[in-house]
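Please look through the sequence and the model shown below.

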Amino acid sequence: MTAPPSSRRGKRPPKPLNSASLRDLALSYVARFSTSTAKLEAYLKRKLRERGWDGEGQPDPAGLAAQFADLGYIDDEAYARMKAGSLLRRGYGARRIEGTLFRDGIDEDGRQRAAPSGSEARQAVLALARKRRFGPFALERGEELPDRPTREKQLAALLRAGHPLDFAREMVNAQTVENAEDWAARCED
């Protein structure tokens, strides 16, 4: 018995890119994903490495990404606000948000504008503690308050999530859920 024709041929390498296909890839990417200028540029460079170039002149992924930003297809500031808000709701702190935005190519000014306020940072640490059942939130499952080694592990997890040490300590050492919620509600902006 012989194999079907499609399996005998093997997979064809993708066609090299030209100006029109590179632009089509960029349009498709920004239509599907919320992105920053730097992330679009990195995506286009990766596609050029994978598929090669068959167009006239040299490819200009940076220029194409800048053109898309000028046309309003990409808005780095809106992307930074959206990404920061998403990370805050998931319980991540300011340091983690700053690092993520830096990796996504957002400039210093944009990162500062997207930085969480003091009250947002307190709500984020509360959200993560509630989700992971740290500190007094373990009581909601009928457990006892965590012992010192467990609290130290919880403290380390909150620090890795980007929260300041004093916020993490407040959350882990809170005696009741009400104490934790009251602390988070106090604003120090």
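His163 sits in the loop between H9 and helix H10 (165–173); helices here are DSSP runs of H or I with at least four residues, numbered from the N terminus. The model is a predicted one, in which local features need pLDDT of at least 70 and side-chain atom pairs count only at pLDDT 80 or more, while totals for chains, interfaces and linings use all residues. Residues are numbered from 1 along each chain as its sequence is written, and side-chain values use heavy atoms, with hydrogens and water left out.

Is His163 buried or exposed? With a relative accessible area of 1%, His163 is buried; the term buried stands for under 20% relative accessible area, exposed for over 50%, and partly exposed for values in between, with a 1.4 Å probe and protein chains only. Leaving aside residues up to four places away in sequence, His163 touches Gly91, Tyr92, Gly93, Arg95, Ala121, Ala124, Val125, Leu128 and Leu158. Contact of this kind means heavy atoms within 4.5 Å.

Among these neighbours of His163 are Ala121, Ala124, Val125 and Leu128, which are also among the buried residues of H8. Helix H8 covers residues 118–132, and its 15 residues reach 21 Å from the first C-alpha to the last. That span is close to the 21 Å expected at 1.5 Å a residue, where the expected value is 1.5 Å times one less than the number of residues. The buried residues of H8 also include Arg122, Leu126 and Ala129. What covers the buried residues of H8 includes H5, H9, H10 and helix H11 (177–185). Arg133 follows H8 and has a positive phi, near 60 degrees.

Not counting residues up to four places away in sequence, Leu158 touches Val125, Leu128, Phe134, His163, Ala168, Met171 and Val172. In the largest nonpolar core, which has 31 residues, Phe137, Leu158 and Met171 touch the most other members. A nonpolar core is a set of buried Ala, Val, Leu, Ile, Met, Phe, Trp, Tyr and Cys residues joined through side-chain atoms within 4.5 Å. Two or more residues of this core come from each of H5, helix H6 (94–103), H8, H9, H10 and H11. H8 gives the largest share, six residues. There is also a second, separate core of 14 residues, including Leu40, Tyr43, Leu64 and Ala65.

Helix H6 also holds Arg96, which is partly exposed at a relative accessible area of 33%. Apart from residues up to four places away in sequence, Arg96 touches Arg160, Ala161 and Gly162. The C-alpha atoms of Arg96 and Leu71 are 25 residues apart along the chain and separated by 30 Å. Arg160 itself lies in helix H9 (residues 148–160) and is exposed, with a relative accessible area of 59%. Although Arg160 and Gly93 are 67 residues apart along the chain, their C-alpha atoms are separated by 8.9 Å.

The charged side chains come next. A salt bridge is a side-chain nitrogen of Lys or Arg within 4 Å of a carboxyl oxygen of Asp or Glu, and by this rule the count comes to 10 salt bridges. One of them joins Glu50 and Arg46, with an N to O distance of 3.1 Å. Why can such a pair meet within one helix? An α-helix has 3.6 residues a turn, so residues three or four places apart point the same way. Glu50 and Arg46 are four residues apart in helix H3 (residues 37–51), and are therefore separated by about one helical turn. Glu50 is partly exposed at 45% relative accessibility, and Arg46 is partly exposed at 34%.

In helix H5 (residues 76–89), Arg81 and Glu77 are likewise four residues apart, about one turn of the helix. Their salt bridge has its closest N and O atoms 3.5 Å apart. Arg81 is partly exposed at 48% relative accessibility, as is Glu77 at 33%.

Helix H7 (residues 108–114) holds Arg111 and Glu108, three residues apart, about one turn of the helix. The closest N and O atoms of their salt bridge are 2.6 Å apart. Here Arg111 counts as buried at 9% relative accessibility, whereas Glu108 is partly exposed at 41%. Salt bridges that share partners also join Glu77, Arg81, Asp109 and Arg113 into one network.
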